[in-house]
Amino acid sequence: MCDVARAFFGDVNVNETGLYEAPCDRPLHVISEVTPPIVAAKARKGSRRGFSETTTHVNTSVFAVAKKGEHNLVKQIDEQVALHDIRRVLKRQLYVVLSAATDISFPWGSLTGVRPTQIALDALQRMDEEKATEELEGYWRLTSQKARLAVRTALAEEKILDKIHEHESMLYVGLPFCPSRCLYCSFITQDATRQKNALESYVNAVIRESEGVFDGTFQGKIRAVYYGGGTPTSLPADLFRRYLEEVLQHVPFAENVEKTMEAGRPDTIDREKLLIAKAFGFHKLCINPQTMQDETLRRIGRHHTVEQTILAFHLARSMGFMDINMDLIAGLPGEDSDTFLDSLERVIALGPESITLHALAIKRGSFLDRMFDDRATLLPDPALIEAVEVAHERLRQEGYRPYYLYRQKNCRSGLENTGFTRGGHASLYNVAMMSDRVPVIGLGSGASSKVIHEQKALRVHNPKDIKLYVDRVEEQILKKKTLLANA
Ligand code: SF4
């Protein structure tokens, strides 16, 4: 419930009496109550025998507190719900009463989780597309555009997940180095150009981790591998070759393996590195402009130009890379709807197979976090929300369709990140990673691994600190092998 209150008010604290407090322009008092469970007998369709279902009453009220201390009821909701639904219904009720009291509403309504498509999928298991869209809009309070987006994307994700067989896993290989640090980055990235020695010992550690994890006791197959970071292509060419060759030589791949290389910074891409990536079977490439405005690139600390993005794209195309994704970010500092939509048009003109639209997230620990007043930046901005809708429509006109989406904390206007693709180029890895239905093995500092055990995701995380990771790589191997034994 704190997530919901934070969306409206920024900070939420617990006071000395155990009540939650949040800064608000006008005093409001909110009460949520759960009454004791009721076991209700229900008729079973087509049977004379009934069944019992434990439900409870969940009630939330918001009062405006007047100067004399009087409490005037603004809105109240009371529902009878199944016990397992209490948490999410309480969140929904809190959202509805706060929205009524503040006149603020967010595009994703009461949904605060990372994967809103999960809620859409739940609805699709009970009803058809149209009804599911109505439920998301009416009950969970999504805008009609987001409700439609969630349903369409949930259906696309399901089709993609169907391609993954039992005993197939995803592999992530991370490199926490970049040529410079972007303003909005909270990832522990190191300046690759100043860390020549660290690069080598890091690469050696990842090679060792791969050798240790895939030592013959690993039973499954890797269906998709993603080299991410950071920026893997920020390695010098000789080390980049080793990083691919010696990490991958231990990995048991499925026949139709998907291989993706994040070449996010266009200034790290050259013919030699693309040839190496190609030689090791990487057919999917990410070249991420984030914006096609030079002024913004300078402002956000990316030391490349729009021209470099365009050259990198054409170079990759000329070398036969026919499956390229490009990322853009909506809501970057100093940009408005026009600049964002202009960037989109320039990316569309290049014609990549996939375009991922992100909403700027103000992440803790980023340079950006120190520059912005959280609350004002995170409240809904109608112009930004509209610009993202226009962008979605433009992508649809160009034949791109949404195939995966996720949300992050502290995104501007409570927006989401949506991957669009056309021509059957959806990234299996992206969908599987977010799904909590497919095991993921993560190599490298900060990488997470997870297995699915009795429908629950069990995880282990490698240390984010690079030195700690390198020093304790044997420990990471053991932890991962123990985790995999539970799969
Ligand atoms: S390219 Fe990505 S990982 Fe590297 S600094 Fe920028 S946001 Fe961080």
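This report walks through the domains, some helix pairings and a few individual residues of the structure above.

The model is predicted, and local features are described where pLDDT is at least 70, side-chain atom pairs count only at pLDDT 80 or more, and totals for chains, interfaces and linings use all residues. Residue numbers start from 1 along each chain, following the sequence as written.

## Domains and where they touch

Let's start with the overall layout. The protein chain has domain 1 (1-104), domain 2 (105-152) and domain 3 (163-479); the domain bounds come from an automatic or database domain assignment. Between the C-alpha centres of domain 2 and domain 3 there are 27 Å. Eleven residues of domain 2 are in contact with 13 residues of domain 3, where contact means that the C-beta atoms of two residues, placed from the backbone, lie within 7 Å.

Which elements give two or more residues to the side of domain 2 that touches domain 3? They are α3 (116-124) and α5 (144-161), and α5 gives the most, with three residues. Element names here follow DSSP runs numbered from the N terminus, with helices being H or I runs of at least four residues and strands being E runs of at least two. By class, this side of domain 2 holds six nonpolar, three polar and two charged residues. In that count, Ala, Val, Leu, Ile, Met, Phe, Trp, Tyr, Cys and Pro are nonpolar, Asp, Glu, Lys and Arg are charged, and the others, Gly among them, are polar.

## Two helix pairs

Helix α5 also meets helix α15 (residues 428-435): their axes come within 10 Å and cross at roughly 105°. On the α5 side the contact is made by Glu-157, Ile-160 and Leu-161, and on the α15 side by Leu-428, Val-431, Ala-432 and Ser-435. This contact has five nonpolar, one polar and one charged residues.

The axes of α7 (237-248) and helix α8 (residues 271-279) also come within 10 Å, but cross at roughly 10°. These two helices are therefore roughly parallel to each other. Here Ala-237, Phe-240, Arg-241 and Leu-244 of α7 meet Glu-272, Lys-273 and Ile-276 of α8. The classes in this contact are four nonpolar, no polar and three charged.

A note on the terms: axes are lines fitted to C-alpha atoms, for helices over the stretch in contact, and angles run from 0 to 180 degrees between N-to-C directions. Angles under 35 degrees count as roughly parallel, over 145 as roughly antiparallel, 65 to 115 as roughly perpendicular and the rest as oblique.

## Helix α6 and its cover

How does the span of helix α6 (residues 196-213) agree with its 18 residues? At 1.5 Å a residue the helix should span 26 Å, and its end C-alpha atoms are 26 Å apart, which agrees; the expected span is 1.5 Å times one less than the number of residues. The buried residues of α6 are Leu-199, Tyr-202, Val-203, Ala-205, Val-206, Ile-207, Glu-209, Ser-210 and Val-213. What covers them includes β7 (168-175), β8 (177-178), α7, β17 (440-443), α16 (466-471) and α17 (473-485).

A residue is called buried if 20 or more other C-beta atoms lie within 10 Å of its own, exposed if 12 or fewer, and partly exposed in between, with C-beta atoms placed from the backbone.

## Individual residues

| Residue | Other C-beta atoms within 10 Å | Class |
|---|---|---|
| Asp-103 | 6 | exposed |
| Arg-141 | 20 | buried |
| Val-151 | 25 | buried |
| Thr-17 | 6 | exposed |

Most residues other than glycine have a negative phi, and most peptide bonds are trans. Asp-103, in the loop between α2 (86-102) and α3, has a positive phi of about 65°. Arg-141, in the loop between α4 (129-138) and α5, has a positive phi of about 70°. The peptide bond from Gly-229 to Gly-230 is cis, with omega near 20°, and Gly-230 lies in the loop between β10 (221-229) and α7.

Val-151 sits in helix α5. Leaving out residues up to four places away in sequence, Val-151 touches Ala-120, Leu-124, Glu-129, Ala-132, Thr-133 and Leu-136. Its C-alpha atom is 14 Å from that of Phe-420, 269 residues apart along the chain. Thr-17 belongs to the loop between β1 (13-14) and β2 (20-21), and 37 Å separate its C-alpha atom from that of Tyr-184, 167 residues apart along the chain.
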